[in-house]
Amino acid sequence: MSNDSPNHGRRRVRLARGVSPWLAPTATAAVVSAALARRSRPWVLAAALLAALTGAMLWFFRDPERDLGPGLVLSPADGVVQSVDPQPDGRTRVAIFMSPLNVHVNRAPLDGTVTSVQHVAGGFRPAFNKDSDQNERVVWHFATALGDIELWQIAGAVARRIVPYVGMGAKVSRGERIGLIRFGSRVDIYLPEGIAPAVSVGQRTTAGVTRIDHG
């Protein structure tokens, strides 16, 4: 298993991998405008706005360490449970809506091996829209002790890029970071037949902490 699993001994916050294309230009512009503001007053407002935007991005792209929660299947995302839907094949889909204020790094729900990572083109409807499962997405499959676990990272109206951290064949640990969705979006996990969900609509979840299966 990877060494990227949450660290129980420390409490630190780092920046998520994959944020440089967004953060670096904004931070650079903030530094340049701050220097110009010292020489010319018209640059003061631009410097203030860019500094605020840089601070917001640092918050949006935070990636805190987590202590693993109890249970076999853990939440893959921070957010709010949008729906818990039984599927025709006996599985249960748990959809978690991630707002722009949530941590955007997603985590493996349980120990397993990545058997598939597939990018699927689609639209960019708001993630809370019932048709957002037709959006741009990355579909994961994990071989686990419970059998195949399917997980969808779904882009929203603002989130236009999904960044997987691991590829097919990788062995992942429960709670390990597996990817990033920039800004707000949705993550769906399909629980296998016979595994009852332990969460309900409206419940807040924390990736790697909140228990999803009912033990």
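Predicted model: local features only at pLDDT ≥ 70, side-chain atom pairs only at ≥ 80, totals over all residues.
How many aromatic pairs does the structure hold? The structure holds two of them, where rings of Phe, Tyr and Trp (its six-membered ring) pair if their centres lie within 6.5 Å, and where planes under 30 degrees apart count as stacked, over 60 as edge-to-face and the rest as tilted.

Residues are numbered from 1 along each chain as its sequence is written, and side-chain values use heavy atoms, with hydrogens and water left out.

The protein chain contains two helices and 13 strands; helices (H or I, at least four residues) and strands (E, at least two) are DSSP runs, numbered from the N terminus. Of the 215 residues in the protein chain, 47% are buried, a word that stands for under 20% relative accessible area, with exposed meaning over 50% and partly exposed in between (1.4 Å probe, protein chains only). Among contacts (heavy atoms within 4.5 Å) in the protein chain between residues at least 6 apart in sequence, 70% join residues at least 24 apart.

E7 pairs in the antiparallel sense with strand E6 (residues 112-120) over seven bridges, where two strands pair if DSSP finds at least two bridges between them. Within this pairing, Ser116 has His141 of E7 as its bridge partner. E7 is also joined to strand E8 (residues 147-155), again antiparallel, by eight bridges, and E7 and E8 form a hairpin with two residues between them. In E8, Gln153 is the bridge partner of Val138.

Seven of the seven residues of E12 are buried, so the strand is largely enclosed by the rest of the structure. Both of its faces are covered, with Ser185, Val187, Ile189 and Leu191 buried on one side and Arg186, Asp188 and Tyr190 buried on the other.

Which nonpolar residues come together inside this arrangement? A nonpolar core is a set of buried Ala, Val, Leu, Ile, Met, Phe, Trp, Tyr and Cys residues joined through side-chain atoms within 4.5 Å. The largest such core has 30 residues, and those with the most contacts inside it are Val94, Trp140, Phe142, Val166, Val172 and Ile178. Two or more residues of this core come from each of strand E4 (92-98), E7, E8, E9, E11 and E12. Apart from residues up to four places away in sequence, Val94 touches a set that includes Val81, Val187, Ile189, Leu191, Val199 and Ile212. A second, separate core of five residues includes Val120, Val139, Ile154 and Tyr190.

The two aromatic pairs can now be set in this picture. Trp140 and Phe142 form a stacked pair, 5.7 Å centre to centre and with 0° between the planes, and both of these residues are buried. The rings of Trp152 and Tyr190 have their centres 6.0 Å apart and their planes at 50°, so this pair is tilted. Trp152 lies in strand E8 and Tyr190 in strand E12, so the pair ties together parts that are 38 residues apart in sequence. Tyr190 is buried, with a relative accessible area of 5%, and, leaving aside its neighbours within four places in sequence, Tyr190 is in contact with residues including Gln87, Arg91, Arg93, Ile149 and Trp152.

Elsewhere, three strands form an open sheet in the order E5-E11-E9, with antiparallel pairing. Strand E5 (105-107) and strand E9 (162-164) stand at the edges, each with a single partner strand, so one side of each is left without a neighbour in the sheet. E9 and strand E11 (residues 177-181) pair over three bridges, and in E11 the bridge partner of Pro164 is Gly179.
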